[in-house]
Amino acid sequence: MIVEAGHFALVLAFAVSLFQASVPLWGALRGDAVLARLASRAAIAQFLLVALAFAALTYAYLGSDFSVANVFQNSHSLKPLLYKWSGVWGNHEGSMLLWVLILALFGAAVAVFSRNLAEDVLGATLAVQAMIAAAFIAFLIFTSNPFVRMSEPPFEGRDLNPVLQDPGLAIHPPLLYLGYVGFSIVFSFAIAGLLLGRVDAAFARMVRPWTLVAWIALTLGIAMGSYWAYYELGWGGFWFWDPVENASLMPWLTGTALLHSAIVMEKRAALKTWTILLAILTFSLSLLGTFLVRSGVLTSVHAFAVDPERGLFILMILIVFIGGSFALFAARAGAMESGALFAPISREGALVFNNLFLSVATLAVLTGTLYPLLLEALTGAKISVGAPFFNLTVVPLMVPLFLAIPIGQKLAWKRGDLAGALSRLWVSAIAGLMGAALLVYSLRGGPVVALLGIALGLYLVLGALDDLLDRALRGGNAQILNRLFGIPRSLVAMTLAHAGVGLMVIGIAATAFETEKIISMKPGETTSLGAYSLTLEAIGPESGPNYHSIVARFSLRDGAGPIAELKPSKRVYTGRQMPTSEVARHRYGLSEIYLAIGETSEGGRADLRAYDKPFVLLIWLGPLLMSLAGLLSLSDRRIRVGAPHRRIRASTPQPAE
Amino acid sequence: MTRKQKRLAVIGAIGLVLFAATGLILFALSGQIAFFRSPSDVVAGKAKTGEFFRLGGLVQPGSITREEGQVVHFAVTDGAQVVKVVYRGLLPDLFREGQGVVTEGRLDAGGLFSATNVLAKHDENYMPREVSDALKQQGHWRDEKGSKP
């Protein structure tokens, strides 16, 4: 009954979204504030209905209702509660429902937090958001209905794909979706701006917090996914240049560019056309990503079993939205006034530099991702474009960008002093090189490129922090702390985010110093790993709630004695009879020892893959710092959502809705 | 600088970066991609010795043998032809006889494919598209195997 109610709520949400997409838009374009204002209530109603549908599906999962086909295919009554819950979005239908839920969430959030916007802007924005929602709810109802019942309900489910039974999966997809679906609202703002012909500094002001929210979530989501792949897939890698990873990286690159160009638009009223274009591009790339993942046109580790009909449907959505928005852009962009002038060497110039390199890197990733499709369509040849291509194209594009970050930070608006900025940076540069040399010396050798990578990372960190110190120390030693705390939060946030980039660069460069060992061991045997020694104590079976496993017990010792027991294992899930590897890790400082076992043969031998990975955690701590910096910037009073009117609104009682 | 000069400087710099990036992308596309080949392609001589490519098909039942030092020998087939493969390292969890597999590596002069990577998929029902296409070409495709669970 509850499942049917969920289905019904979803259909109702579709009707509401059709209303929201048409009536308020008409009102906004005709200057009828009453009609435009209807958008807010519709957006909230739409969100509540989708949330109801989502809750109904969650209910079916938690209660292991196997009469629902989706639950039968992806759940198991013995599965731990967390995975019953995360299983809701561990499959195609459920994950699309989550997609729609987040789409509706952003619409409702704008309706709630941006009440001080002009009625026509708000109405038009929410109408555009509803168009996207209508398209995807229709996609759910007509091709991917999660509420379909089975005629003969089975007693037991087929279980969730074991690889997905991990706490990481509970967080990774929602964060990722919050990120790349979040850019939908920025897209809606841009389209509304074009439709109404009102694109100005105020526009940038209202768009930036939303861009920031989406960007924070996407940064965390990608980092989380990378971390999950690292510990779950047992290869010890953190980024595979898989098409699906690329699909999330592309909106991140353009979203980061958008974050920076919106600053120029807000502060200097320049780069308007470009910022609008980036807003459209970012969400278009999100849609493209959804298409690539859901249609199965690309071979990817993320592919679920696929259905061509679904691919076609998303392709249609893609063509309508991307085509429509670009046509509108082409028709209206010429009417925008060009903004203030600036010298090539200036803060604006530096941000243009950032945008240029991020956009070109996106182009490289896009080419590498779509080229196999194109070539196969044209010649029938099947190719794969892998890590070598991306390393060769993206890395050379990132190096000049990273070198420029600390310089750009120190340039003034309008007309900057390059020599002055450089003279303040040479200390950071030299300190970076020396630090890298010292580190590499302590780690014994390694390729020169890795040394330069670490130097680049240190230079980024020092160059970023240098800015804060400089401000605090300016004008004598008195009141340093006062001055340090007086620095605007958004400025501290910028510094921290750039330092985060530096940390990540160090982490990636340090992978060149890892030790890898692939050997076969018997119980009682010992092998060395970096500065440690590793002994296989025993191999034996163990059972979990819905799996059996073979566990190898290792003890890790350093010169002084045993420091940890590590138990990598091989699991076979009873539901699907599918094996997975569970790795075991030991953290020391920012580094890790990483063990994965393969076949265990008769005679008690275990195949082992062991790594010593120095500073590997920086790869994810960097992005974490970047997103925390984003949160800090979001809390800055000056860019907070709807800041100017909030206090007044809060004091007047609102009628219940 | 005048307004015009400023604009020219910016546009010139953008043009230069775009030009360099396009060159880089084209260069990388010409040298850093791997073609997918089926065992029939390999036997027909489509793969040159020493060329890096992807070989895909089914793991031939009964072909897996293991040696000391984690060296594994197996054979990949598309039903018509068979190519022998050698790989050193841990095999992915879903590597099994009769399962679809994609390997990356090079062919040596003796016709042995020396794999540097064996790819696994998340889902046991999921067949790499290249493999299913290659099997279809050989008429060995059973549709129920690739359909959704």
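Guide: A residue is buried if 20 or more other C-beta atoms lie within 10 Å of its own, and partly exposed if the count falls between that and the exposed limit of 12 or fewer. Please keep in mind that this is a predicted model.

Visitor: Okay, so is Phe615(A) buried or exposed?

Guide: Phe615(A) has 24 other C-beta atoms within 10 Å and is therefore buried. Phe615(A) sits in the loop between strand 11 (605-613) and helix 18 (618-634) of chain A, and although it is not a glycine, it has a positive phi of about 55 degrees.

Visitor: And what about the phi of Ala269(A)?

Guide: Ala269(A) is not a glycine either, yet its phi is positive, at about 55 degrees. Ala269(A) belongs to the loop between helix 9 (243-268) and helix 10 (272-295) of chain A, and with 15 other C-beta atoms within 10 Å it is partly exposed.

Visitor: Switching to helices: how do helix 2 and helix 5 of chain A pack?

Guide: Helix 2 (residues 33-62) and helix 5 (residues 92-113) of chain A pack at an angle of about 150 degrees, their axes being 8 Å apart, and they are therefore roughly antiparallel to each other. The crossing of helix 2 of chain A past helix 5 of chain A is left-handed.

Visitor: Which residues make that contact?

Guide: Helix 2 of chain A contributes residues including Phe47(A), Val50(A) and Phe54(A), while Leu97(A), Leu101(A) and Ala104(A) are among those from helix 5 of chain A. The contact residues of these two helices comprise 15 nonpolar, 4 polar and no charged.

Visitor: Last one: what does Leu392(A) touch?

Guide: Leaving aside residues up to four places away in sequence, Leu392(A) touches Ala28(B) and Gln32(B). Leu392(A) lies in helix 13 (residues 387-410) of chain A.

Notes:
Residues numbered from 1 in each chain as written. Chains lettered and ligands numbered in written order. Predicted model: local features only at pLDDT ≥ 70, side-chain atom pairs only at ≥ 80, totals over all residues. Axes fitted to C-alpha atoms, helices over the stretch in contact; angles between N-to-C directions. Helix = DSSP H or I, 4+ residues; strand = E, 2+ residues; numbered from the N terminus. Parallel < 35°, antiparallel > 145°, perpendicular 65-115°, else oblique. Left-handed = near helix turned anticlockwise from the far one by under 90°. Contact = placed C-beta atoms within 7 Å. Nonpolar A, V, L, I, M, F, W, Y, C, P; charged D, E, K, R; others polar.
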